[in-house]
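Please keep the sequence and the coordinates at hand while reading.

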Amino acid sequence: MSWFARMSGVNEPLVARMREFGTTVFAEMTALAVRTGSINLGQGFPDTDGPEGMLERAVEAIRAGVNQYPPGPGVPELRQAVCEHRKEHYGLLYDPDGEVLVTVGATEALAASVLALCEPGDEVVVFEPYYDSYAAAIALAGAVRRPVTLRPDGGRFTFDPGELRAAVGPRTRAVMVNSPHNPTGTVFTREELSAIAAVCQERDLVAISDEVYEHLVYDGVEHVPLASLPGMRERTIMISSVGKTFSVTGWKTGWLCAPAELVSAVQRVKQYLTFTSGGPWQLAAAYALRHELGWVEGLRAALAGKRDRLIAGLDAAGFTTFRPAGTYFVQADIRPLGLTDGMELTRRLPELIGVVAVPTQVFYDRPEQGRRFIRFAFCKRDEIIDEAVGRLAGLRREIG
C-alpha cells in the first residue's frame, strides 16, 4: 500500500495535525467576490497604494541592483530604523545587532516564534476570535491551543482575567496577544495588558505580541506595547510590519524585537523557512519608518472617516455594530435582522446584495461564541464604501 493510501482515507497527503485547516476564509470569500462581481469588504487589504516616497525608494533599490539575498537578520538600515522607531514612540531600547529580526511579514514572525518556543504537547494561550494563522502555527509546532474568549462588554470586546488565569496550565509556554485586535477592533487597555503581564510573570510565560495595527488607532485611543510594561520587555516578542502601517500588504516585510536569546531562537527557525526577505522592500520600509509617519497620520484620519461611514450604513441596514478603536474592521451582530448564523449570511450576501464579508465564527475554537457576528473591512476607497452602504440598504428587503 502506498504512503498516500495509508493516510486514513483522506483525499490528499496531509499530516494529521493540519487536517483541520483547509482553504483560508479570506481566499474563499475573495474568490466569491470575484465570481459574483461583489464588493469585497471581507479581506483586509487597502485598494490604494502607500506613500509615493516609499514606493520610489523600492524602485530605486531595484534599479541600483539590490536584488540578491540581503543579510539573514535583515538589512542593517531597517533594523536600525526599527530600533529608532521603538525608542521614539514607546521608549523601548533594542540593539539592532541581535534584538531585531526582519521576517517575511508578521505572519512568518508569528509562526517562527511558535515553532522556536514550543515542543509537541506544549500549550499556547490565544484570545479568540484570533487571526487564523495563529491556530495553524500552533498546530505546525504540535502544540495545543488554549482559548480565552473576548466577549462584548460596553460596546467593545474584552476578556475575563479569571478565564485567562484558568487557561494557563503546567505545559503552557506562551500567550499570543494581538492589540489592536483583529477581528474585533479592540485595543487592549493598560489595565487589560497589566492582567496579561501579571500572568506571564507569575507563570514564566513568553508573550508573542502581534502589533501590526499599532499606528491604526482612532478617537485618541492609545496603543500600549505589552513590552513597555514593567517586567515584560525581557519576555515579549514584539511583532509588527510595513504592510498595514504603510498600505503595502503585498510587500510581506515584517520584523520582531525581543531579547537576544529569543531572537536567536526564532532566527534559527526562520533561516530554514525563508532565510531572508526582499532587500528593496526592506530599504523602502526603513525610509518609511523615518520619513513617512506623517503620511500615516493622514491615513489614520481617513480610515476613521471610512469606519464611521460604514458603521452608519450597517446600523441603518439593521445590524448592531461595535465601533472599533483600531484596525481595519467592524464587527456586526446579525441578530437584529432575525438571523443567527453568520456563515450562512456571508455566503448569501453576494447573491442578495453584492457585498462580501467574513463570518467571525471561523476565528474561534468554539464557533458558537461568534456565530452571530460578521466582519466588514473599511480599508477601501470612499466610493467603494459608499456603494457598499447603498447595497446594504436593501438587505432587509432581500432577506424578507
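**The cavity and its lining**

The model is predicted, and every value given here is computed from it. The structure holds one cavity of 30 Å³ or more, and the space in the largest cavity comes to about 30 Å³. Its lining is formed by F127, P129, Y130, Y134, M176, V177, N178 and H181. When these residues are sorted by class, six are nonpolar and two are polar, while no charged residue takes part in the lining of the largest cavity. Strand β7, which spans residues 172–178, supplies the largest share of that lining, namely three residues.

**N178 in strand β7**

One of the lining residues of the largest cavity is N178, which is found in strand β7. Is N178 buried or exposed? With a relative accessible area of 4%, N178 is classed as buried, because this value falls under the 20% cut-off. The side chain of N178 has polar contacts with the backbone oxygens of two residues, P180 and D210, as set out in the table.

| Side chain | Backbone oxygen | Distance |
|---|---|---|
| N178 | P180 | 3.1 Å |
| N178 | D210 | 3.0 Å |

Leaving aside residues up to four places away in sequence, N178 touches Y134, F188 and D210. Of these, Y134 also belongs to the lining of the largest cavity, and D210 is the residue whose backbone oxygen is reached by the side chain of N178 at 3.0 Å.

**A sheet of four strands**

Elsewhere in the model, four strands form an open sheet in the order β11-β12-β15-β14, and their pairing is antiparallel. Its edge strands, each pairing on one side only, are β11 (320–322) and β14 (358–359). Between β11 and strand β12 (residues 329–333), which run antiparallel, there are three bridges.

Although G278 and V104 are 174 residues apart along the chain, their C-alpha atoms are separated by 8.4 Å.

Conventions:
Residues are numbered from 1 along each chain as its sequence is written. This is a predicted model: local features need pLDDT of at least 70, side-chain atom pairs count only at pLDDT 80 or more; totals for chains, interfaces and linings use all residues. Side-chain values use heavy atoms; hydrogens and water are left out. On a 1 Å grid over the protein atoms alone, a cavity is a set of points where a 1.4 Å probe fits but cannot get out, and a pocket is an open set with protein on both sides within 12 Å along at least five of seven lines; lining residues have an atom within 4 Å of a point. Grid points are joined across faces, edges and corners, and a volume is the space filled by probe spheres set on the points. Helices (H or I, at least four residues) and strands (E, at least two) are DSSP runs, numbered from the N terminus. Ala, Val, Leu, Ile, Met, Phe, Trp, Tyr, Cys and Pro count as nonpolar, Asp, Glu, Lys and Arg as charged, and the others, Gly among them, as polar. Two strands pair if DSSP finds at least two bridges between them. Buried means under 20% relative accessible area, exposed over 50%, partly exposed in between (1.4 Å probe, protein chains only). A polar contact is a pair of N or O atoms within 3.5 Å; within protein, one must be able to donate a hydrogen and the other to accept it, and residues adjacent in sequence count only if both atoms are side-chain atoms. Contact means heavy atoms within 4.5 Å.
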